[in-house]
Amino acid sequence: MKRMWKKILFCLIAVVGFLYWQDNGLMITKYNYRSKKLPKAFSGYKILQISDLQNKEFGKHHKKLVLAIEKQKPDCIVITGDLLDRNRTNIKSAMELINQIVKIAPVYYVSGNHEHQSGAYDILLSFLKQQGVFVLENEKEKIIKDSEYISILGLKDKSVNSQYNQVLSSLCQNQKTQFQILLSHRPELFSDYVENDVDFVFTGHAHGGQIRIPFIGGIFAPHQGFFPKYTSGIHTQNNTTMVVSRGLGNSTFPFRINNRPELVVVTLFSIE
């Protein structure tokens, strides 16, 4: 009997340890992207993506997360929504992270559904702007390097953006000649990004499908349902490439399985 309880205890410790590692074992996923449209000055330009943090902290005051970001030496940082969580909104925690990463590289932000559902969106937005973050809620900016530039566009989350398709079409003017990067929370809108001929899109929202089955992928994602198509990785159709971050935090479902929290790093290369 005593031996049996030892085995049960060992199994419980192993399961708890595995779940902790799955939720906290931060990993970096790197992609290279090549385009003839990309100005030569931007060849080697490195973009780091933060998505779906959901108010999670990696180490005290985000120390582990910030160190991981610093180590990648990004040229810019993009945040694709759900910095806050509607169920445990913590503005102070989000501010602590932003205060640190704006010192690493320029930061560009678009909202997710949780910011708007948290009741603290206006406070967050004001703080982001005060800290010099480029808030791209249905807006665009130029990133300039050596007298050349690319455009970075931001689409406000669809939950509060009923005219998002018209907004997207308006933002994507001159897409035939300018290299354009779009920040949008939602990967399930991929066909709209393709229709508007966006070059590269950063998205999140799917949380990697939460539980991932080998050779199958994620089990469930919001607004895609069971066995969703877009939960992670790179997807290309026509002239549009979309990356889907598995995100960093959890919300309604408390665990990640085969789906460790992820920072995405994309390096751009110009094709002669």
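Is arginine 186 buried or exposed, and what is its relative accessible area? In this predicted model, arginine 186 turns out to be buried, with a relative accessible area of 5%. That makes a handy way into the salt bridges, of which the structure holds five.

With aspartate 157, its side chain forms a salt bridge at 2.9 Å, N to O. This pair ties together distant parts of the chain, 29 residues apart: arginine 186 sits in the loop between strand S8 (180-183) and helix H7 (190-195), while aspartate 157 belongs to the loop between strand S7 (148-154) and helix H6 (164-171). Aspartate 157 is buried too, at 1% relative accessibility. The buried label follows because the cut-off is under 20% relative accessible area, and the values are 5% for arginine 186 and 1% for aspartate 157.

The side chain of arginine 186 also meets that of glutamate 188 in a salt bridge, this time at 3.2 Å, N to O. With arginine 186 as a partner in both bridges, Asp157, Arg186 and Glu188 end up joined in one network.

Another of the salt bridges brings together the side chains of aspartate 85 and arginine 88, at 3.7 Å from N to O.

Turning to the strands, six of them make up an open sheet with mixed pairing, in the order S1-S16-S2-S3-S4-S5. At the edges lie strand S1 (27-35) and strand S5 (134-135), each of which pairs on one side only. S1 runs parallel to strand S16 (residues 262-270), and nine bridges join the two. Within this pairing, tyrosine 31 stands opposite valine 266 in S16.

The sheet also has a helix packed on it, namely helix H5 (residues 121-130).

Methods:
Residues are numbered from 1 along each chain as its sequence is written. This is a predicted model: local features need pLDDT of at least 70, side-chain atom pairs count only at pLDDT 80 or more; totals for chains, interfaces and linings use all residues. Side-chain values use heavy atoms; hydrogens and water are left out. A salt bridge is a side-chain nitrogen of Lys or Arg within 4 Å of a carboxyl oxygen of Asp or Glu. Helices (H or I, at least four residues) and strands (E, at least two) are DSSP runs, numbered from the N terminus. Buried means under 20% relative accessible area, exposed over 50%, partly exposed in between (1.4 Å probe, protein chains only). Two strands pair if DSSP finds at least two bridges between them. Contact means heavy atoms within 4.5 Å. Axes are lines fitted to C-alpha atoms, for helices over the stretch in contact, and angles run from 0 to 180 degrees between N-to-C directions.
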